[in-house]
Amino acid sequence: MSARRLLSSRIVSVRPRLPIARTASSIVPRFSPARYISSSRNVRQDIQAFHSQLSDPTASAFLSSLSKSSPPPVPQTLTEKIVQRYAVGLPEGKFVKSGDYVTLQPHKVMTHDNSYPVAMKFKSIGATKIKNPDQLVMTIDHDVQNKSEKNLKKYADIQAFAKEHGVDSYPPGRGIGHQIMVEEGYAWPGTLAVASDSHSNHYGGVGCLGTPIVRTDAASIWATGKTWWQIPPVAKVTFTGTLPEGTTGKDVIVALCGLFKNDEVLNHAIEFTGSEETMRSLPIDARLTIANQSTEWGGLSGLFPIDSVLRAWLRAKATEYALYDPVTAKRFNHQRLDELFANPLTADKGAKYAKYLTLNLSTLCPYVSGPNSVKVATPLYELEKQNIKVDRAYLVSCTNSRRSDFAAAAKVFRDAAAKNNGVVPKVPEHVKLYISAASTLEQAAAEEQGDWQVLLDAGATPLVSGCGPCIGLGTGLLEPGEVGISASNRNFKGRMGSREAQAYLASPEVVAASALAGKIAGPGWYSRPADWAGVEASEGEPFEEKSVDEALEAIIGKLDSIIDSSTSSTSTETEAGEDKAETLTELYPGFPEKIEGELVFCDADNLNTDGIYPGKYTYQDDVSKEKMAEVCMENYDPAFRDVAKPGDILVGGFNFGTGSSREQAATAILAKGIPLVVAGSFGNIFSRNSINNALMGVEVPKLIHRLREVFGSASSDDGKAAGAKVLTRRTGWTMVWDVRRSTVTIKESDGTSWSQKVGELPPNVQEVIAKGGLENWVKAQIESS
């Protein structure tokens, strides 16, 4: 790209904000380009050029002449390129970018046990016919150990619904939905797939842009084939070096969660990249683990490139299916791969990223996450010194229960058997080891390799292929006072059993070694260099040699950032009452102008959906409103049920609502009679659930800091290590949110009062809330069409 054209496209061209296109047949809401959860962080305004340039006749004439030439294609990230393919209704010539609101027509949408409540929503909005049955995949995987008549009937209803509408479905015990999506070829490289589950990021391990939706969104896609999405900012994670022997993909993502634990990638799409040599050290199973657990890191997707490693894996799979599985071969075949490789998608040189992070894999060592937080990551050798007793060990979940994972775990016991006259040693009596494959195909492969039997010989308890203990359902849950170590993806307090237990996460070989030793331990495969000084990780764009044009492009990209910064510095959150023109937000008819209440403070950052609504209730579809109110916040603080009252305003910390896609995290708060949540920041999926279910939210970081000044510093994740600290506090403070003026006014208990500008809650979002949520909104649209 020439410098002349580059200047034309980067400095002069206007960057329009795109509202969601809406055709006559569409019932997808047109959300305005503003956060649907109100924020006190104002959005920058578009700038065409510096004022000094436009006012100078010579510069103005030069820039004007540049703008007459046709602008080049806009450099796009891999994420933006895939979205470009699946966005519908775009203006001609429009190149999508982060921040744009788009209407998406996903390649695939997956639902699991929640297919039943999604079907109920689908019917309740008046829909009778699936728009595109080929778009849907249904799997049953979460509560598969539950053999009650009620649960079996629900599963039968899901399968009957799928059959009636011609939807591909997989029965209980076949495997976990995310694994099925990958191995059956639904999550295809270069496509966009969504699922009503927070670990949809998993698909990024094979170059498929996977991102979560929620139940109401799924019902809307069933009916219309479409949904809405705001393209998130994209973070580029560059790996350097190669993985040392004895380290795994699990160590990579556990380390990333711990090293970058201050919301660096919160609500970002993440793209992982590196040199060919570096990426060759990350096999596909490792990539799936990293992509899967990028959810816990805060990402909305975790996308790997379509490179030589993936191409080799895809060819091997296509050959396997051609020989042994003609049904899957219809989707997963060499002809389709030829088409894929003929037009490969890659990020453009010069694509602009919101964040740049680097991790040197060569400096990585085995890591363990926890206890009870994914953001507490400790090198294994440090924990080994502490002799932490282990009661339960788990090789389960879609994260690390594939054939390679069982092979690594079995090797631990084979190595021990070699020192035990060839006899596989049993785990100690006080330890229970559980194994569950990500799918029946993975279990069959592990059995064929002999690894499954080795683990059984060691005393492992096999469980049906499904989510099970990872989601806190079925056999093997942690009891009070116990310690568990798992190769799964979440160790939130109370998720895998008692909230009085401690849960750690680690690689399959560390889980196996810990089970065998009866305490947290490694297999001894990693040798720490004598001069090891820690893991090398950094934030900021890594140095790369560039051509003149590329260097100029990078300079102008930085110029854009300076413009962004200078603009935001003049339009940041401001105190109410400052001398500037007031812009009033239009109110949807009947929407209250002001919302007010007393503040109840739950002082914890990263307060997750398991803390808000326990997983053991998530797949009970008949929980009463009263029961939901009773158990709201139970895993975070059982005292919440007595402290919080209807009409209160709930205040949380930063990254409130991180975790799963369960809508009950929002509806349980509503059931408690709380209409509004205030936080320093929200997890994106909770924000989406809130709007879809008519729970209001507003971000006011200053309020969180002020409360902590008065009542004490923040507790760590989920209230962990809070000691005698009050987890849920009636503050005696009140807040009034003036929706029309986009202002909150706080009155502290001593009478001190202050106001703060916040982001706008636009009329279209007000309408969804006023109608009781997206389900009712869509129903009204269908009835009126």
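Where in the chain does arginine 662 lie, and between which strand and which helix? In this predicted model, arginine 662 is placed in the loop that runs from strand E23 (649-651) to helix H24 (664-671).

Although arginine 662 sits in a loop, its relative accessibility is 4%, and because buried means under 20% relative accessible area, it counts as buried. Once residues up to four places away in sequence are set aside, arginine 662 touches Ile471, Arg495, Thr609, Asp610, Tyr613, Pro614, Gly615, Thr618 and Asn689.

## Overall composition and confidence

The protein contains 28 helices and 28 strands, and buried residues account for 59% of its 785 residues. Among the contacts with a separation of 6 or more, 78% are between residues 24 or more positions apart. The accessible surface amounts to about 29700 Å², and carbon and sulfur atoms contribute 52% of that surface.

Mean pLDDT for the protein is 86, with 84% of the residues at 70 or more. Two stretches call for caution in reading the model. Over residues 31-71 pLDDT stays under 50, and the model has 91 contacts beyond four places in sequence for this stretch; over residues 561-574 pLDDT likewise stays under 50, with 19 such contacts in the model.

## The nonpolar cores

The largest nonpolar core has 69 residues, of which Val83, Trp222, Leu676, Val678, Leu703, Met735 and Trp737 touch the most other members. Helix H8 (residues 215-224) supplies the largest share of this core, namely five residues. Domain 1 (74-231) and domain 4 (594-713 + 724-760) each provide at least three residues to this core. Another core, of 36 residues, lies apart from the largest one and includes Ala409, Val424, Val431 and Ile435.

## Helix H26 and its buried face

Helix H26 (residues 701-711) contains Leu703, one of the residues that touch the most other members of the largest core, and the buried residues of this helix are Pro701, Leu703, Ile704, Leu707 and Arg708. Viewed down the axis of H26, these buried residues fall within an arc of 165 degrees, so they line one face of the helix. An α-helix has 3.6 residues a turn, so residues three or four places apart point the same way. After H26 comes glycine 712, which has a positive phi, near 120 degrees.

In helix H5 (residues 115-124), the buried residues are Ser115, Pro117, Val118, Ala119, Lys121 and Phe122. Just after H5, glycine 126 adopts a positive phi of about 95 degrees.

Glycine 773 is located in the loop between helix H27 (763-770) and H28, and with a relative accessibility of 0% it counts as buried. Its contacts, leaving aside neighbours within four places in sequence, are with Ile691, Asn692, Asn693, Ala694 and Val768. Glycine 773 also lies 9.1 Å from threonine 216, C-alpha to C-alpha, while the two are 557 residues apart in sequence.

## Backbone features in loops

Most residues other than glycine have a negative phi, and most peptide bonds are trans. Asparagine 267 has a positive phi, near 60 degrees; it belongs to the loop between helix H9 (249-259) and strand E11 (269-274), where its relative accessibility of 14% makes it count as buried. Asparagine 387, also not a glycine, has a positive phi of about 50 degrees and lies in the loop between helix H15 (380-384) and strand E16 (392-395). With a relative accessible area of 47%, asparagine 387 is partly exposed, whereas asparagine 267 is buried.

Glycine 370 and proline 371 are joined by a cis peptide bond, with omega at about 10 degrees. Proline 371 is found in the loop between strand E14 (367-369) and strand E15 (377-379).

Terms used. Residues are numbered from 1 along each chain as its sequence is written. This is a predicted model: local features need pLDDT of at least 70, side-chain atom pairs count only at pLDDT 80 or more; totals for chains, interfaces and linings use all residues. Side-chain values use heavy atoms; hydrogens and water are left out. A nonpolar core is a set of buried Ala, Val, Leu, Ile, Met, Phe, Trp, Tyr and Cys residues joined through side-chain atoms within 4.5 Å. Buried means under 20% relative accessible area, exposed over 50%, partly exposed in between (1.4 Å probe, protein chains only). Helices (H or I, at least four residues) and strands (E, at least two) are DSSP runs, numbered from the N terminus. Domain bounds come from an automatic or database domain assignment. Contact means heavy atoms within 4.5 Å. Accessible areas come from the Shrake-Rupley method with a 1.4 Å probe; for residues, only the protein chains shown count as cover. pLDDT is the predictor's confidence in each residue, from 0 to 100. The arc is that of the directions from the helix axis to the C-beta atoms.
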